Amino acid sequence: MDFPPYLGSMPMHAITEIHGEPGLLERFRLEIRAFDETAQERLTAALDLAAELHRADRRVREPYLNHLLRVAIRMMHHYQVRDVDVIVAGLLHDTVEDHPAELAGDVAAGDDLTSAALATLAAR
């Protein structure tokens, strides 16, 4: 898909309406260029995990991933956040609440699913 050269300065709502998820993904890729290779890999891995876990989720009439992309893009672009842990948290902020079982995997009976999901995220 071809995107305009000014995609990096378009408002989030315009990218969402005109280009949808592919446009938001491209804008995310543009934003993470400001980070070193290790940080880019961590941000991409967090995005991949969020996309996997929220693959069937919807937010109003759009894929849930769009919401997470807008959060991360705003953090990087508008608020100039450069702490990768904070941006990763933005990408994954709903995963424990919405998908604890998928994150936690096999947990022993009686174990707290939320704690197990948080431990899995911390280990990653």
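Figure 1. T44 has its place in helix α2, in a model that is predicted. With a relative accessible area of 32%, T44 falls between the cut-offs of 20% and 50% and is therefore partly exposed. From T44 to P100 the separation along the sequence is 56 residues, and the corresponding distance in space, taken from C-alpha to C-alpha, is 21 Å.

**Figure 2. Close-up of the packing of helices α1 and α2.** Two packed helices are described by the angle between their axes and the distance between the axes. For helix α1, which comprises residues 12-32, and α2, the angle is about 155° and the axes lie 10 Å apart. Because angles over 145 degrees count as roughly antiparallel, α1 and α2 are roughly antiparallel to each other. The crossing in which α1 passes α2 is right-handed.

**Figure 3. Close-up of the packing of helices α2 and α3.** Helix α2 also packs with α3, at an angle of about 155° and with the two axes 9 Å apart. The pair α2 and α3 is therefore roughly antiparallel, and the crossing of these two helices is right-handed.

**Figure 4. Close-up of the largest pocket and the residues that line it.** The volume of the largest pocket is about 310 Å³. Its lining consists of R42, A45, A46, L49, D85, V88, A89, L92, H93, L121 and R124, and both α2 (37-53) and α4 (84-92) supply at least two residues each to this lining. Sorted by class, the lining of the largest pocket comprises seven nonpolar residues, one polar residue and three charged residues.

Figure 5. L92, one of the residues that line the largest pocket, is found in helix α4. The relative accessible area of L92 is 11%, and because this value is under 20%, L92 counts as buried. A117 is 25 residues away from L92 along the chain, and the C-alpha atoms of these two residues are separated by 12 Å.

Figure 6. Most residues other than glycine have a negative phi. V60, although it is not a glycine, has a positive phi of about 60°, and its place is in the loop that runs between β1 (58-59) and β2 (62-63). The relative accessibility of V60 is 79%, which is over 50%, so V60 counts as exposed.

**Figure 7. The whole chain, as context for the close-up views.** The chain holds seven helices and two strands, and its elements, read from the N terminus on, follow the order α-α-β-β-α-α-α-α-α. Along the principal axes, the C-alpha trace of the chain spans about 55 × 35 × 25 Å. The chain has 124 residues, of which 43% count as buried.

Technical notes:
Residues are numbered from 1 along each chain as its sequence is written. This is a predicted model: local features need pLDDT of at least 70, side-chain atom pairs count only at pLDDT 80 or more; totals for chains, interfaces and linings use all residues. Side-chain values use heavy atoms; hydrogens and water are left out. On a 1 Å grid over the protein atoms alone, a cavity is a set of points where a 1.4 Å probe fits but cannot get out, and a pocket is an open set with protein on both sides within 12 Å along at least five of seven lines; lining residues have an atom within 4 Å of a point. Grid points are joined across faces, edges and corners, and a volume is the space filled by probe spheres set on the points. Helices (H or I, at least four residues) and strands (E, at least two) are DSSP runs, numbered from the N terminus. Ala, Val, Leu, Ile, Met, Phe, Trp, Tyr, Cys and Pro count as nonpolar, Asp, Glu, Lys and Arg as charged, and the others, Gly among them, as polar. Buried means under 20% relative accessible area, exposed over 50%, partly exposed in between (1.4 Å probe, protein chains only). Axes are lines fitted to C-alpha atoms, for helices over the stretch in contact, and angles run from 0 to 180 degrees between N-to-C directions. Angles under 35 degrees count as roughly parallel, over 145 as roughly antiparallel, 65 to 115 as roughly perpendicular and the rest as oblique. A crossing is left-handed if the near helix is turned anticlockwise from the far one by less than a right angle, and right-handed if clockwise.
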